[in-house]
Amino acid sequence: MRRIVRFAPLMLLIARVPSAPAQQPPQFKAAVKMKDGADGSTATGMMYFGGAKMRTELTKDGRNIVILADPKAKSQYVLMPSEKVYMQMRIGTGPVSVPAAGPSDPTNPCGGGSGNTECVKGPNESVNGYDAVRWDYTSAEGVRTRAWVSTKLRFPVKSQDDNGSSMEFSSIAEGPQPATLFSIPAGYTKMDVGAIGGFGAAQAGMPSGRGNAGNPMAGMGNLPPEARAAMAAAMSGRGNPSPPGTVGSAWEKTKGWMLSLTVTGTTTTVRTATKGSADEGREERETYTTKYVGSIPLNYGTPGVPGFQPIGPAWHHQAGAGGSPEILAKPLTLSVDADSRIDATFRGNCPIDEEPFTAVSTMTNSVQKSASVAQPPTGGYTAQSAFKISPDLKTFDLLAGFGLPGKQTTQKKIDAKKCRTGQSYTRNETSTRDAEYSVSIDLKELPLPSSVSTITGMKKMPMRLDGRDMEATVSWTLTPIR
């Protein structure tokens, strides 16, 4: 097992694990804490595993660095977020490096050409909620290492070296990771690695982190003045990094949340035929009301992300994604009630045999759905919800909505008079059509209570419901499951 790297002056270490190419680890993200045994310094951040690619975000003394690694391509990008610059280099070279790693075999970390020797298997232990096998071995560099390799993630969730270096994962959240995490953001400028003495030395084969380690600014004279200033600021930590954000708060530690959502809307529309048209003399007045009610379990939680562009904790409705027994016992319930009435009059146009009439059309429809959040959705309904808390735990965003298929049946009563005889008569008609009911809200920067508690709110806003623009009232209650 190889240890990596020193980003002068950050002196950060990241573990490299032996590869097991036949298997791929599940996608996940985790908070990471690292300690450098050489000087006792520590760094914290996040690591993201997106199948074949990895992203590492580290923060130390207010300084941020992001490493994007593609082990298959043997390439990595080192990003300085505060200055919006990046460098490209081979994995294992440069001032910062990351593991050229695949999953680790929890049954034999000395296999797969890792270079590790003297493997001694220890007991099975639980580390931060994951079953792991403890292994002691000597790395290829001669450092005695102890690692706890998760049998599920096939990756060390904790490691300790005899030289005092260590690394540990916490707040592990399994699930697909967005592809955008592993690409360079727009607006970044590429820096020439070879122009920087310490970097060039590493590329030429010197041990990474040791070339000009005492003077990380050496060799920067060939850079343009603005690039030289940007790199110097990034290396010395004089940039303006984003606030690290708050992690490990009580908002991450509930057993889930229940969202109760009610959306009601009404609209009245008057339609009058244009003078001179074939329908002149026709008028309709429609009143339409609708009510959406949902009880949506938020079963999937993700921890806050510190460092550059911090992200606060969040809870999502994700059917089939698991969750605590308490939240999985809560059913998803959805309902829609819709009513309409159309009063129509037509004075008639007997010369062309169009009879005068009055008509009343009424529609009343109700649709309900109940389902278990433990199972993926079936039967044509949809449901979504996201409760996203700001990094400073001051505000939250609420995204929610659902859809239900239904059928609308309209009863129409027509009272008409025959043009030729003046005889009155009544005719009844029934019509049925498919309906797709859907509602969606996206509320931003709502005030968050100072402690974990039930959150309620109401807002009036224009919305488009059932194909109609109307004034709606939205009310919500977020209840923590403890």
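**Close-up 1. A lysine over the ring face of W148 in the predicted model.** In this predicted model, K158 is placed over the face of W148, and the distance to the ring centre is 4.9 Å.

**Close-up 2. An arginine over the ring face of Y288.** The ring of Y288 has R468 lying over its face, at 3.8 Å from the ring centre.

**Close-up 3. The stacked aromatic pair of F155 and F169.** The structure contains 11 aromatic pairs, and one of them is formed by F155 and F169, whose rings are stacked with 5.8 Å centre to centre and 15° between the planes. F155 belongs to the loop between strand 9 (144–150) and strand 10 (156–161), whereas F169 belongs to strand 11 (residues 166–174), so the pair ties together parts that are 14 residues apart in sequence. Both partners fall under the 20% limit for burial, because F155 has a relative accessible area of 4% and F169 has a relative accessibility of 0%.

**Close-up 4. The aromatic cluster around the stacked pair.** F155 and F169 also belong to one aromatic cluster, which they form with F28 and F49.

**Close-up 5. The whole chain as the setting for these views.** The protein has three helices and 23 strands, and 46% of its 482 residues count as buried. Among the contacts between residues at least 6 apart in sequence, 61% join residues at least 24 apart. The accessible surface of the protein comes to about 22600 Å², and carbon and sulfur atoms account for 49% of that surface.

Technical notes:
Residues numbered from 1 in each chain as written. Predicted model: local features only at pLDDT ≥ 70, side-chain atom pairs only at ≥ 80, totals over all residues. Heavy atoms only, no water. Phe/Tyr/Trp six-rings, centres within 6.5 Å; stacked < 30°, edge-to-face > 60°. Helix = DSSP H or I, 4+ residues; strand = E, 2+ residues; numbered from the N terminus. Buried < 20%, exposed > 50% of the residue type's maximum accessible area, 1.4 Å probe, protein only. Lys NZ or Arg CZ within 6 Å of the ring centre and 35° of its normal. Contact = heavy atoms within 4.5 Å. Areas by Shrake-Rupley, 256 points an atom, 1.4 Å probe, with all protein chains shown as cover.
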